[in-house]
Amino acid sequence: MLWVFAAAAALYTGRQPGRSEVVWGAFFALFNFAALLSKETIIYYAPFYLVVLVWDMARRQNYRFWLTAVGLGGVLLTAYLLYYQTLTGDSLYRIHLIERTNEFMKSSNYLHGLRHELLGRLTWQPIAFFVEIGLAPAFLLAGVAALNWYKQRLPPEAGFWLGLLLVTLACYWFGSTSLVQYTPITLLPRMTTPLLPPLCVAAGFGLREVVNSGWGRVWIGVLLVVAALWMHNLMSLVYGGLGLYFAGSVLLARLKFSLMWFQVGTSFYTLLTTLALTGSLALLPVRTMLLSSETSYFSQALLIQKYLPASTTRGHVFVNDHLARQYPFYYNFQVPLGLTYYPYKIASSICPAPNQRSWFILNLTTTNTQRQIGIFNRFPRRRLVAQEGYVQLYEVELEQ
């Protein structure tokens, strides 16, 4: 996240009049190379880089910046490929490793095991995901920035970050992690890191417009209150408080006793809004830091060893993504032949044989309330078999 942010900032800065194009072009190449070493999702920025390059070439601008960036980038990339060729005998080792991983996890592919969820993944699921993880205020403020940029009320710099946000969001929403099969990126909070820099900078432009002119306060407040009513966890408090603040500040600004606290364009309102945002968005991180780090590992191990022994049990066990990868630990790496572990999300694509049984394990210490409801909805025909501490084992009947 930090490397791609630095690369994007170097791209914008180095193309400004009076800047040293050679120096900033070198920084741009170095930051992108560092991002590539960190994670391959730097590719999500590539379409935007290409658009800016074509734009500059069409206007005959910033030649030295791009010559430096492409030249140094080419040298670094060549050295990178030669290193892997020497070390592994395959210069494209990392790409081939990703492809083999995608092939191994084909059951989680949206054109195979998750075909029935493809439409949702391309439409409403990313929206629900962004709301659930707390990014609704950032997207609403970025929306304010986009509308005001369209009305030419924001500086050109805002257009740069909004353009990068649009391209990155499109790649995140519709892109694939594989070149040979359609595997969209997993909707997990840690996967949003390439998206956060342009999103937060764009939201900053929107926030500046809100505190200076009051534009969009009512709609932001209403939409955040709606999001709070939709959520049924601590996020409701975050969205609800922030939504009431934005909508309520419009009414309070009209009262005589409010003085200048809620008057747009004042330093007091800017400070108050910043404090409201900071306080509301800090609720979840502070709560997380105060929570116990208990994972109920030993309770989970006891349930597996007692009720799902490798030698006598035949069937399927549905678990969270982490346990689906780590379950061999619980069997001392003597992987059971008749017992197969799957992630919850592919349960609808599994058809058990007549002599097979099915279970799912629910670890309440690592599962929030909304996630628990979603798991129960996947397995409506369930029976609690055993419970150890915060870990539950259910036997289920799958739809044939």
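By salt bridge I mean a side-chain nitrogen of Lys or Arg within 4 Å of a carboxyl oxygen of Asp or Glu. Helices (H or I, at least four residues) and strands (E, at least two) are DSSP runs, numbered from the N terminus.

A word on the source. This is a predicted model: local features need pLDDT of at least 70, side-chain atom pairs count only at pLDDT 80 or more, and totals for chains, interfaces and linings use all residues. Residues are numbered from 1 along each chain as its sequence is written, and side-chain values use heavy atoms, leaving out hydrogens and water.

Glu-117 is buried, at 15% relative accessibility. Arg-378 is partly exposed, at 33%. The cut-offs: buried is under 20% relative accessible area, exposed is over 50%, partly exposed is in between (1.4 Å probe, protein chains only).

Next pair. Glu-209 meets Arg-153 in a salt bridge, 2.9 Å from N to O. Glu-209 sits in helix α10 (residues 196-213), Arg-153 in the loop between α8 (136-150) and α9 (156-174). Glu-209 is buried at 10%. Arg-153 is partly exposed at 39%.

Then the strands. Arg-357 and Glu-395 pair at 3.0 Å, N to O. Arg-357 lies in β3 (residues 357-363) and Glu-395 in β5 (residues 391-396), so parts 38 residues apart in sequence are tied together. Shared partners join Arg-357, Arg-383 and Glu-395 into one network.
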